[in-house]
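Hi,

Here is the structure I promised to pass on. Have a look at it first, and then read my notes below.

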Amino acid sequence: MQEFSEFESLLSRSVQEKNLEFQRHGRLKHLIAASQLTPELLEKLCRSADLIRRLSRNPEGNRRLRDLLAHKRAMLYFTQPSTRTFLSFMAACQILGLSCNEVRDPKTSSEVKRESRMDSIRMFSSYFDVIIMRSQISNFAECCAYLMSDLERQERRSVPIVNAGAGSDEHPTQALLDMYTIVRTFDFDENSESRPSRLNELRRSFPSLTCGPSQKTYTFCGDIGRGRTVRSLATVLSQYEGVRMIFVSPEHDVLVMDEELRQRLKMTGVDFYEVNSLDSEVNGESILGQTDCLYMTRIQREHNSKDTEQEIAEIDLNPFLLSPERVGVLKSYAPILHPFPRDSVVGEIPTSIDSDPRAMYFRQARNGMWARAALLVHLFDAADSLFFAFSDVFRSPN
Amino acid sequence: MQEFSEFESLLSRSVQEKNLEFQRHGRLKHLIAASQLTPELLEKLCRSADLIRRLSRNPEGNRRLRDLLAHKRAMLYFTQPSTRTFLSFMAACQILGLSCNEVRDPKTSSEVKRESRMDSIRMFSSYFDVIIMRSQISNFAECCAYLMSDLERQERRSVPIVNAGAGSDEHPTQALLDMYTIVRTFDFDENSESRPSRLNELRRSFPSLTCGPSQKTYTFCGDIGRGRTVRSLATVLSQYEGVRMIFVSPEHDVLVMDEELRQRLKMTGVDFYEVNSLDSEVNGESILGQTDCLYMTRIQREHNSKDTEQEIAEIDLNPFLLSPERVGVLKSYAPILHPFPRDSVVGEIPTSIDSDPRAMYFRQARNGMWARAALLVHLFDAADSLFFAFSDVFRSPN
Amino acid sequence: MQEFSEFESLLSRSVQEKNLEFQRHGRLKHLIAASQLTPELLEKLCRSADLIRRLSRNPEGNRRLRDLLAHKRAMLYFTQPSTRTFLSFMAACQILGLSCNEVRDPKTSSEVKRESRMDSIRMFSSYFDVIIMRSQISNFAECCAYLMSDLERQERRSVPIVNAGAGSDEHPTQALLDMYTIVRTFDFDENSESRPSRLNELRRSFPSLTCGPSQKTYTFCGDIGRGRTVRSLATVLSQYEGVRMIFVSPEHDVLVMDEELRQRLKMTGVDFYEVNSLDSEVNGESILGQTDCLYMTRIQREHNSKDTEQEIAEIDLNPFLLSPERVGVLKSYAPILHPFPRDSVVGEIPTSIDSDPRAMYFRQARNGMWARAALLVHLFDAADSLFFAFSDVFRSPN
């Protein structure tokens, strides 16, 4: 895009340099890339998400939540279709009282009139207080953040930009909700003040088990090459200590891990393996047996090119499908995640598994609401107000 | 639909058995079919609708209403287009403070990705607190209710399902608002504490006239065969004592009453007649002269098949059109209803009749808002809170 | 449109007669045409817009604003696409707590069913409390206002109609926000209680400069012939004393001022000039040098007919484009306005001018929100409540 040309020099900077621009005193101004989600920030966001979730169960808590950002208006600018992410953000806004507005048609009337994309974004920023955007264009959200930086420097009106999925590249809020689900699951102790903690029980069988995302083995299965959620989550997890990753995918060029992610993981020094079946072994043990968290994904047929369509159609997908037998090998506490939607024809997770207590994918979807609400609270610097609301409602905050 | 197969055995059960599953202690969990609307339940719903309507006229009442369900989020899943029903539900939600979300495009991005319909519904139930749905698929809403029952049994998250029109079959909330309009009209005494009641005045001319929907003659005119509103309303009315029904339609196979409804009415023992003109007589008297309530409908051309199109186009519709002369024959209190939209080309109700005091069809539309709001209050078990709000605002509840 | 025929005799009345019908005791019942915006009314609306804008910066003020019309529901009926006006109205509604509903598809399901347009409007008026409409049909909003007058006379439910742009003819709320921007800019003294006012400073260079829209030269540039915003704003400005207007457009039949506006301006006695370049002179002085307010517009290619397309494509547009050099000639205080979107290919305002302090077009867009909110407050007779809210929040109202 021609109009992005003025930001070209900014786009090629290092991740560190960019992330520095998108924050101030450790608080995000914009969420553009998963690499901004550091363990410290995630801890804050997950704590806020918990407060929101618990307040929402209480009538007075609910009222306080709806008051938190009731003076703000959100623009959901989703020119790349997405039902799930869109609705999840809508619900998150509604929980916090934000007014929602949407533009979903890529052909707005203004574009017909040859308005530049940057003028459209600046129009949105005139009317609304945050722009949540999903676009087919990889760097669009990033460029919008630069536009806002420019305006801020000129002391003009500027608003936070949230990347809700850009092209085939990044999906940072999916990584956020995945991490929130992982943190919640590996919390073990939740709601267990009096009785012996679940972690202690589990330690009888798994002596080295610890709380939190560290020291765990994460297995990703399916469309590793094109799964932006895999890329985003793996990037975030690689920051935690003692994390191992196993990637399970067909040995087809477009489905195996791409070289960029492989190099990135190597640079972080994370211990990772690539295999071609859920029944594979590494270090002489079945991968499912050593998995602490299984992240299933869908083969993204809609991204098949004409060249590869036939080849991919001929792949035997059986080694990449979950089954009651394979679930049987998993550790008793290992959550099964899926960014959803799942493919009802391929059946990478058959519905028969839905009632297994380890099937966390519907809860994971619901967590998206709390995690995204927590992000909005953070962007509007309302974490303290949230905490005060929680104290008021429950008297003794946790 | 393949994925409905697991519910097949449930679909073929008796109406009584189904209705039992969709309620608990007499309160609806889901509204799927008009047959769930018993006189007892309708009395409750109409009373709530009245409280909502009266509160909405008062600033403080309005505020209390908006607080009633402000902690809830609704999904309006309308894959069969409908402006009127959709907007009426939106308004009902807004009156009660519910946040609204919508999916109206039958091709959501998730379906492109081969997500099963049941996964879509379960996603909605993850984010939202009630699913109001209109679909071209007859049993879809019913199957969704079964899915929710399943989840409830597993102690997983489950939400109420509201059928806002399914295929050509059922339209229970239209029957609800029609009944609310009938109950309001045949209340006669409304707002008349001090002066002699309108009922007493009317009894000088109509000595046997009583309050309420019982002991009345209801005349349905137009597209009897394909009118799901006719089917739903007739089903509900057949539960009241002393009700007579007259069905006026062209003598074409697709326009006359279908055999299924005919059998159903026979089984209830209701007294009904089928005639082919508004000028017909039964029992030696003109039907309009003995009608207490006239329910006009539109000939639904959009449902014509290629075979019947020509035949139906050739029917002389004059005997099924209202005119000032025909309205002149109606009893002075008899309401004229129409589920709307009316056909401006055919003109089954010419606009010249709109200013007649018996023309209730615009008020009927507005009643849809109050009646649907009352349904939502009922589904969320907030009827008591509504009553308390009313008492608080007006001090002395009626 | 056939169904408009009953209003034909009303449509041909004088502007004065119409405007009288659309108000009561000086307060608008409907906003249909820019000619309803008298200086007296604009003063009221601009004052309300200011109160809203200032309240919105304060948490408690925000809360009070959201309470102001929280009991009202708006229908945004936009069958002519418009992102900007639509979003601006949405934001205005949200600021005041109004619930928003929208119909944007010209083919609603009801029209397929041959519902008359007047029935659709009356349905909207059954559910909602104001209808904000934008249509390709010139007189549609006006006819809707007549329908509401009819209903009012029959003591039936009637709601305000707001014309948000009708055909190529009128765009009164754009004129309103343009005037609000002009009034704000020519206020000079805003927020300057203690220090010497900006007006006094400016008077050293411009001794005859006064506050307010009067005694100023307004230059309109671009698509004068087809710009309904130009037509609406010029009509409003012609009511102020000592106003001069300069119209700059290519000398093509469809782009120069149309005869109707020329006659209208002549009748008001306003002093106006038509020239063919931003570098032209009138009265021996460059037009930009004597301009107090520059109103740029886009050449509306989408309205080109096949006949004129080629001719218009061949016009040298350079004399009608702003440049740093031309901006340099403008008075130091002269605001540059543009109704937006601007054409990024033609570049009537290059982005390099955006950081000039006289570039007011983004602020102008944001003013649209406050001005439209002020209109809603006026239509619902809530100006007093707004004033009380302001007094409560800031104790000492200005």
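Helices (H or I, at least four residues) and strands (E, at least two) are DSSP runs, numbered from the N terminus. Also, this is a predicted model, in which local features need pLDDT of at least 70 and side-chain atom pairs count only at pLDDT 80 or more, while totals for chains, interfaces and linings use all residues. Residues are numbered from 1 along each chain as its sequence is written, and chains are lettered from A and ligands numbered from 1 in the order in which they are written.

**A buried strand in chain B**

Let's start with strand β7 of chain B, residues 217-221, which is mostly covered: five of its five residues are buried. In a regular strand, side chains alternate between the two faces of the sheet. Here B:T217, B:T219 and B:C221 point one way from β7(B), B:Y218 and B:F220 point the other way, and all are buried.

What does β7(B) pair with? Two strands pair if DSSP finds at least two bridges between them. One partner is β8(B) (residues 244-248), which runs parallel to β7(B) and is joined to it by five bridges. Within that pairing, B:C221 has B:V248 as its bridge partner. To get from β7(B) to β8(B), the chain goes through helix α11 of chain B (residues 228-237), and this β-α-β crossover is right-handed. That word means that, with the strands pointing away from the viewer, the path from the first strand over the helix to the second runs clockwise.

Strand β12 of chain B (residues 293-296) is also parallel to β7(B), with four bridges between them. There, B:C221 stands opposite B:M296.

Moving on to β8(B), five bridges join it to the parallel strand β9 of chain B (residues 271-275). One bridge pair there is B:I246 with B:Y273 in β9(B). The chain crosses from β8(B) to β9(B) through helix α12 of chain B (residues 259-268), again in a right-handed β-α-β crossover.

**How the chains are arranged**

Two copies of a chain are related by a rotation about an axis and a shift along it. Chain B can be laid on chain C by a turn of 120° and a shift of 0.0 Å along the axis, with an RMSD of 0.0 Å. These two copies are thus related as by a three-fold rotation axis. The superposition is by least squares on the C-alpha atoms of residues with pLDDT of at least 70 in both copies.

Which residues count as touching? Two residues are in contact if their C-beta atoms, placed from the backbone, lie within 7 Å. Between chains A and B, the contact takes 24 residues from chain A and 21 residues from chain B. On the chain A side, α4 (59-68), α5 (83-95) and α15 each supply at least two residues, and α5(A) gives the most, with seven. By class, that side has 10 nonpolar, seven polar and seven charged residues. (Ala, Val, Leu, Ile, Met, Phe, Trp, Tyr, Cys and Pro count as nonpolar, Asp, Glu, Lys and Arg as charged, and the others, Gly among them, as polar.)

**Two domains in chain A**

Chain A is assigned domain 1 (2-170 + 367-394) and domain 2 (172-364); the bounds come from an automatic or database domain assignment. Their centres, taken over C-alpha atoms, are separated by 27 Å. The contact takes 25 residues from domain 1 and 22 residues from domain 2. On the domain 1 side, α15(A) gives the most, with six residues.

Most residues other than glycine have a negative phi, and most peptide bonds are trans. In chain C, a cis peptide bond joins C:F340 and C:P341, with omega about -5°. Phi of C:F340 is positive, near 60°, and C:F340 counts as buried, with 24 C-beta neighbours inside 10 Å. C:H25 also has a positive phi, of about 50°, but C:H25 is exposed, with 4 other C-beta atoms within 10 Å.

Happy browsing!

Definitions and conventions. A residue is buried if 20 or more other C-beta atoms lie within 10 Å of its own, exposed if 12 or fewer, and partly exposed in between; C-beta atoms are placed from the backbone.
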